[in-house]
Amino acid sequence: IEAEGIAASGISIQLLTLQGQLVYARQASLLNGLLRQTIPTDTFPPGLYLVKISDSRQLITKKISISH
């Protein structure tokens, strides 16, 4: 995952099933003003998921597809 325009502190990354079950959560930080985070998805079943990235000012939600 890569994102720009995120506040420098209090960054949270969540991966949820479409049913709302939390399957991954992590606090993250910026590197040179850019959020870069690898989520290990090899243990998740293939399908659609929601990625939520939040900081102190905003919430970004994107739908992703995981396939192996």
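Select F44 and Y49 to begin: both residues are buried in this predicted model. Show their side chains. The ring centres lie 6.1 Å apart and the ring planes meet at 40 degrees, so the pair is classed as tilted. A search through the whole structure turns up one aromatic pair.

As a general point, nonpolar side chains tend to be buried together in soluble globular proteins.

Is I53 buried or exposed? With a relative accessible area of 7%, I53 is buried, because the cut-off for that class is under 20%.

Next, colour what I53 touches. Leaving aside neighbours within four places in sequence, I53 is in contact with I1, A3, I6, I11, S12, I13, L35, Q58, L59 and I60. For one of these, I13, look at the C-alpha atoms: I53 and I13 are 4.7 Å apart in space, C-alpha to C-alpha, and 40 residues apart in sequence.

S12 has its place in strand 2 and counts as buried, at 14% relative accessibility. Not counting residues up to four places away in sequence, S12 touches R26, Q27, K52, I53 and S54.

Which order do its strands take? The sheet is open and has four strands in the order 3-2-5-6, paired antiparallel. Strand 3, at residues 22-28, and strand 6, at residues 59-66, stand at the edges; each has a single partner strand, so one side of each is left without a neighbour in the sheet. On average, neighbouring strands of this sheet are turned by 20 degrees against each other, with direction ignored.

Finish at residues 47-54, which form strand 5. How many bridges join strand 5 to strand 6? Eight bridges join the two, and they run antiparallel. In general, strands of a sheet pair through backbone hydrogen bonds, either parallel or antiparallel.

Notes: Residues numbered from 1 in each chain as written. Predicted model: local features only at pLDDT ≥ 70, side-chain atom pairs only at ≥ 80, totals over all residues. Heavy atoms only, no water. Pairing = 2+ DSSP bridges. Axes fitted to C-alpha atoms, helices over the stretch in contact; angles between N-to-C directions. Buried < 20%, exposed > 50% of the residue type's maximum accessible area, 1.4 Å probe, protein only. Contact = heavy atoms within 4.5 Å. Phe/Tyr/Trp six-rings, centres within 6.5 Å; stacked < 30°, edge-to-face > 60°.
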